[in-house]
Amino acid sequence: SWMAEHEHISCQEVVELVNDYLDRALEPEQASLFEQHVNFCDGCERYLDQMRTTVTTVGRVREEEVPPESRDKLLTAFREWKRS
């Protein structure tokens, strides 16, 4: 099962799952792992807040519509933030 190999999720997966999470489309255990990660990761918590605000403001943002360079910048920012 999905759970078997995932006791936790990565920042990368948070970025990939955020739209489904906001749409309440995740499996319950996926959603709880997502929330667990966000609770412990300030970078992802901020990302989730930004996405939530964006979705509220402009409607759903499809991952395809996020320019890859923006997503890469975000992920790079996370990684550097984690290192600091």
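Author: Helix 2 and helix 4 cross in a right-handed way; a crossing is right-handed if the near helix is turned clockwise from the far one by less than a right angle, and left-handed if anticlockwise. Helices here are DSSP runs of H or I with at least four residues, numbered from the N terminus. Please keep in mind that this is a predicted model, where local features need pLDDT of at least 70, side-chain atom pairs count only at pLDDT 80 or more, and totals for chains, interfaces and linings use all residues. Residues are numbered from 1 along each chain as its sequence is written, and side-chain values use heavy atoms, with hydrogens and water left out.

Two packed helices are described by the angle between their axes and the distance between the axes. The axes of helix 2 (residues 11–22) and helix 4 (residues 42–58) come within 10 Å and cross at roughly 30°; axes are lines fitted to C-alpha atoms over the stretch in contact, with angles from 0 to 180 degrees between N-to-C directions. That makes helix 2 roughly parallel to helix 4 (angles under 35 degrees count as roughly parallel, over 145 as roughly antiparallel, 65 to 115 as roughly perpendicular and the rest as oblique).

Which residues meet there? From helix 2 come Cys11, Val14, Val15, Val18, Asn19, Tyr21 and Leu22, and from helix 4 Cys44, Tyr47, Leu48, Met51, Arg52 and Val55, where contact means heavy atoms within 4.5 Å. The residues of this contact divide into 11 nonpolar, 1 polar and 1 charged (Ala, Val, Leu, Ile, Met, Phe, Trp, Tyr, Cys and Pro count as nonpolar, Asp, Glu, Lys and Arg as charged, and the others, Gly among them, as polar).

Now for the other neighbour. Helix 2 and helix 3 pack at an angle of about 125°, with their axes 10 Å apart. That makes helix 2 oblique to helix 3, and the crossing is left-handed. Here Cys11, Val14, Leu17, Val18 and Tyr21 of helix 2 meet Gln30, Ala31, Phe34, Glu35, His37 and Val38 of helix 3. This contact has 8 nonpolar, 2 polar and 1 charged residues.

Among the buried residues of helix 2 are Val14, Leu17 and Val18 (buried means under 20% relative accessible area, exposed over 50%, partly exposed in between, with a 1.4 Å probe and protein chains only).

Finally, arginine 24 lies in the loop between helix 2 and helix 3. Its phi is near 55°, a positive value in a residue other than glycine. Arginine 24 is exposed, with a relative accessible area of 75%.

Methods
Helix = DSSP H or I, 4+ residues; strand = E, 2+ residues; numbered from the N terminus.
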